Every structure is written in C-alpha cells, then in structure tokens.
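Biologist: Before we talk about labels, please show me the model. I will then ask what stands behind each term.

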Amino acid sequence: MGGKSFLLGVLTASILLLAAASEGAEPPPSCEAVRKVFQLRRLGPLGGVPEFPRAGVDLQICTSENPTCCTKKMEERYQTAAKQDIQQVLQTSSATLKFLISHNAAAFQETFEMLIRLAENYTSTFFCNVYRTMAAEAAVPVQEFFTDVGLFLLGTDVSTEEFVNRFFDTLFPVVYNHVINPGPTDISLEYAECLRAARRDIRPFGNIPKKAIGQMGRSLLPSRTFLQALNLGVEVINTTDHLHFSRDCSRALLRMQYCPHCQGLTLSKPCLGYCLNILRGCLAGLAELDLHWQGYIQALEELSGALSGAHGIEHVLLNFHSLVRDALVQARINGPELSEQVNKICGPPVRKPKQSPGCSLDQNKDNQGLKMFSRDSEQTFTNRRKEFISHLRLYRAFYGGLADQLCGNELAAADGLPCWNGEDVGTSYTHHVVGSGIKAQSANPEVKVKGTDPVISQIIDKLKHVIQLLQGKSFPKYDKWDLQQTGSGGGVDEQISGDCDDEDGCGGSGSGEFKRVLKITDPGMPDKTSLSDVKQIHQTNDGSTLDTTGAGCTAMANYMTFMLISLVIPFLSLW
C-alpha cells in the first residue's frame with residue numbers, strides 16, 4: 001500500500017504542476033526544459049542558463065513578477081534567434097516560388113541560346129548549300145550577327161536596328177564580290193570598306209533590312225524583357241527573404257516566440273490573433289508589395305501570350321535565313337543596276353589575288369548539342385511558358401496574405417488550444433486584431449510601424465518600371481514597317497518573281513517555314529551533335545523542297561564566342 005500511495009502522490013503532484021504551468025500562475029520548479037531547448041538550438045553557452053528560476057530584475061522585454069529562467073544575456077540571444085527564426089520561415093515559405101521563377105529563367109535563357117545557335121547553323125548551312133563559294137566569307141557577318149542577338153537578349157546596351165544594319169553592311173561586299181559582280185579575283189579591303197559604307201544608300205537588298213529590323217525588334221525586345229522580369233522576380237524574393245526588422249518588431253518577435261521560455265513554457269505557441277498582430281506589423285511593408293506583385297504577374301502573363309506566333313522569337317530566329325535568301329535574290333536580280341551605282345560611288349572594282357576558301361567539310365566544328373524532337377512527343381517553348389504562367393498565377397496574393405499564411409499554417413496555436421497571448425498561457429487573445437498594410441498598423445497594440453522600409457520602396461519602384469516594360473509602354477513602335485509575314489517571315493519586293501532555279505543561286509523561291517520545335521531542357525545539355533543530325537526540309541510556296549540538313553558541310557561560324565559571353569555576363573538586372 002505504501003508504494004501505491006507514493007506513486008499516486010507523485011502522479012497527483014505532476015498533474016498539479018502541469019496545470020499551474022499552463023495557467024502561468026507559478027514559476028517552473030526548475031529550468032531544465034529551458035536549458036535543453038537552449039542547448040539544442042545552440043543559442044549560447046549552457047553555463048549562462050540558470051538551473052532554477054531567479055528574479056529577472058535585469059530583463060527588459062520578457063519581464064515578469066514571478067521568478068524567471070532567463071537572464072539579460074539570454075534575452076539578447078533570444079532576440080537574435082527570434083529574428084533568424086522568422087527569416088527562416090520567410091525563406092521556407094517563398095522557396096517554391098523562388099525555385100519556380102529562377103528555374104524557368106535559367107531554362108528560358110538556355111532555350112534562347114539554343115535558338116540562337118540553331119538559327120546561326122541554319123543561316124550558315126544555307127550559304128554552304130546555295131552559295132558555297134562565299135560561305136566562308138559570309139560566316140563572319142553571320143557569327144557577329146548572332147553574337148549580337150545573344151548580347152541583346154542578355155540585356156547589353158545594343159539596339160536591334162544597329163546590329164541588323166551592321167550585318168547587311170558587312171554582308172554587302174561579300175555579295176558584291178560573289179553574286180553582283182563576280183570576278184577571277186577578290187575585291188580589295190579598301191574597296192570592300194567603301195561598299196560597306198555605301199550599302200544604306202545603294203540599298204542592294206531593298207526593303208529586307210527594314211523588315212529584319214522590325215521582326216527582330218518585335219521578337220527580341222519582348223523576349224529580353226520577359227527574361228529580365230523573371231530575374232527581377234528572383235531579386236524581389238531575395239530581398240524580402242532577408243527583410244530588415246525594426247527594433248520594435250524585433251522586441252515583439254522576442255515576446256511572441258521566446259518570452260514563454262522564461263516561464264518554462266518551451267512548447268507553447270502564440271494565439272492566432274496575437275501572432276497576426278505581430279506579423280502584420282513586422283511584414284506591413286511586404287503587404288504593400290501586394291498590388292504591384294499582382295500587377296507584375298498579370299503583365300508577365302499578358303506578355304507571355306504575345307510572345308508566340310509569327311512575331312515570336314522562335315519563329316523569327318529560325319526563319320532569319322529566309323530573309324537572307326530573299327535579300328540575296330533581290331541583289332542578284334538587280335545586279336546590273338547595283339553595279340552602276342557602286343561604280344558611281346566607289347569607282348570600278350579594285351581587286352587582289354583570290355583567297356576565298358570554300359565551305360568547310362569539318363564535321364566536328366560547331367557541334368553544340370542542338371537536340372530536336374517532334375511537336376507531338378515533347379513540350380514546346382510556348383507550352384513551357386504557359387505551364388510556368390499557370391503555376392505563377394497561384395502566387396498572385398503571396399505578399400498580401402503572407403502574415404496570415406505564416407500564422408495560420410506554422411506559428412500560431414490551433415483554435416481552441418491553450419496559447420501564449422504575450423503575458424501568459426490562456427485560451428484566447430483579447431486585443432483588437434488589425435488588418436494588413438502600413439495604414440492599418442496605426443491601431444496595432446503589439447508593434448509600432450513608422451513607415452515603409454526604403455528597401456521595399458525601391459523594390460516597388462522596380463516592379464512599377466518592369467510592369468511598364470512588360471506592357472510594352474517602353475517598346476519602340478515597329479508598326480510603320482510592313483511586318484506581315486507569309487510563311488517564314490518576309491518575301492522580297494513584288495518585282496522578284498518565283499521563277500528562279502538552283503543555278504541562279506536562289507535556293508528555292510517563295511517563303512517557307514521550318515517546322516522544328518526546340519526542346520526546353522533542365523541543365524545538362526549534350527556537348528556535341530553533328531549538324532548532319534539536324535535534318536531539316538524547307539518547303540517553299542511552289543511545293544519544292546530545300547534540304548538544309550548539312551549536305552556534307554557544317555556551319556563555319558563557331559558559336560563559342562556567344563557561350564563565353566554568356567559565362568562572363570550573368571543575368572543582368574534592369575538597373
């Protein structure tokens with residue numbers, strides 16, 4: 001009987017102690033639980049934690065009339081831990097959103113690089129197949145042009161009009177030497193420079209350069225803006241993940257998360273209303289992002305829908321070789337007139353010994369992993385964008401409801417359970433619960449909010465700016481040019497007929513369209529593939545076909561220049 005009475009007495013005492021602790025009426029008999037949590041969290045040396053409650057006269061925030069398990073030094077460490085805890089919660093809550101944006105930004109940039117390499121190969125292969133004698137010389141302007149395209153997409157300060165004109169300027173002497181006025185020898189460097197300078201006045205390619213400028217501007221600028229906007233989205237999340245908390249907010253977080261420990265209540269959670277007041281106060285600046293963040297996602301969605309079709313980057317880049325073909329057709333047809341104009345400006349051709357090599361047969365050159373697949377078996381670039389936007393749309397209200405999400409899902413006690421109300425453990429929080437945003441915090445009983453953090457204000461300004469860019473308010477107008485495309489994106493002027501055979505160097509008349517679709521992959525693209533693997537049949541309006549598989553030649557232009565630039569220039573920010 002004596003043993004049973006003793007056990008019953010111990011059980012009764014334990015229940016009474018737990019009840020007293022839950023009501024906050026009595027201090028804990030020891031600080032053992034506090035010491036264990038302090039040690040597990042590695043908040044500091046365990047020697048600084050009392051073994052038994054003591055008077056907390058030196059405490060500034062976790063004050064109590066009862067003996068406490070905290071010292072002033074512990075209170076300081078708890079305050080640091082409270083801020084770190086909430087930052088960790090913020091980073092965890094945004095991790096999926098951050099990965100969604102950053103992963104797709106990397107995938108889209110990789111896709112742009114693949115498109116550029118493939119478009120360069122198409123263009124160089126066109127010269128190899130149709131204008132073989134000038135392919136080596138044409139490789140230089142082709143490579144420079146697509147390097148400029150890559151730089152433009154990366155955000156460097158170069159205009160589409162400038163690099164398109166530079167391409168046709170550089171191409172003109174090559175075309176003159178091999179198509180307009182071919183001879184047994186090459187034109188001199190000085191004469192080639194005169195032709196370059198005179199190209200825009202002579203207009204040997206008719207309206208094709210203007211069409212190219214319009215198409216490139218319409219496709220590349222929105223694509224670059226789309227990519228830059230994604231990078232800004234990651235910047236916004238990185239900024240809010242490392243939010244600076246005010247002194248008053250830090251003290252409030254301490255009261256909510258660690259002051260209960262001082263009373264031995266290491267397992268208690270804050271009441272929902274109490275948690276909402278503190279987090280809505282501490283995250284008031286983030287709530288101000290809500291409207292602009294929603295506008296940002298909506299603008300991304302609208303621009304994404306406009307990136308497809310005839311003016312999409314995929315269509316324009318992969319059919320650039322067709323514009324080049326049309327330009328050469330026009331120059332060939334107008335050859336006699338162009339020769340007269342050139343003679344008036346530059347004089348008769350000054351020639352030197354012929355040094356023009358033919359098209360290279362090196363099968364190992366410029367094999368940069370251009371993997372293709374059918375439209376039915378894999379998702380396309382457009383489908384990837386649509387999928388990304390559909391997932392991103394779920395995060396429209398992310399910042400507006402962040403405090404509610406954190407309290408409701410992680411930090412606060414469930415309804416009906418005992419909870420910490422800032423003073424002791426009870427079943428409710430009796431103070432008024434304020435709304436979200438800076439203005440609503442004037443009535444916050446837990447946190448004083450003075451105004452918007454300057455860092456948040458800067459992020460808001462950036463969001464406003466990128467929304468304007470996404471909406472096209474800062475895009476130049478290309479409507480003054482005729483951008484109506486038939487097939488591949490631009491035929492030549494009406495005077496050019498479709499009666500042109502391969503011997504004329506036309507390579508097929510009319511405008512067609514490549515039907516290949518690029519795979520958007522995760523990191524880990526194969527390093528090499530032969531251009532001969534990129535089998536491509538180009539169908540023209542009259543039903544004939546042009547095989548641009550490779551035909552025993554590989555593009556001369558080595559795209560390593562662009563890849564090096566991509567490594568040197570990271571995702572550029574908008575400012």
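Modeller: A disulfide joins cysteine 275 to cysteine 407, with the sulfur atoms 2.1 Å apart. The model is predicted, local features need pLDDT of at least 70, side-chain atom pairs count only at pLDDT 80 or more, and totals for chains, interfaces and linings use all residues. Residues are numbered from 1 along each chain as its sequence is written, and side-chain values use heavy atoms, with hydrogens and water left out.

Biologist: What makes the pair of cysteine 275 and cysteine 407 a disulfide?

Modeller: The term requires a pair of cysteine sulfur atoms within 2.5 Å. For cysteine 275 and cysteine 407 the S to S value is 2.1 Å, so the pair meets the definition.

Biologist: Why is the disulfide of cysteine 275 and cysteine 407 called left-handed?

Modeller: Because the torsion about its S-S bond is about -85 degrees.

Biologist: Where in the chain do cysteine 275 and cysteine 407 lie?

Modeller: Cysteine 275 is in helix α10 (residues 272-282) and cysteine 407 in helix α17 (residues 402-411), 132 residues apart. Helices are DSSP runs of H or I with at least four residues, strands are runs of E with at least two, and both are numbered from the N terminus.

Biologist: Why is cysteine 275 called buried?

Modeller: Buried means under 20% relative accessible area, exposed over 50%, and partly exposed in between, with a 1.4 Å probe and protein chains only. Cysteine 275 has 0% relative accessibility, so it counts as buried. Cysteine 407 is buried too, because its relative accessible area is 1%.

Biologist: Is aspartate 186 buried or exposed?

Modeller: Aspartate 186 is buried, because its relative accessible area is 4%.

Biologist: What joins the side chains of aspartate 186 and asparagine 177?

Modeller: A polar contact of 2.9 Å. The term means a pair of N or O atoms within 3.5 Å; within protein, one must be able to donate a hydrogen and the other to accept it, and residues adjacent in sequence count only if both atoms are side-chain atoms.
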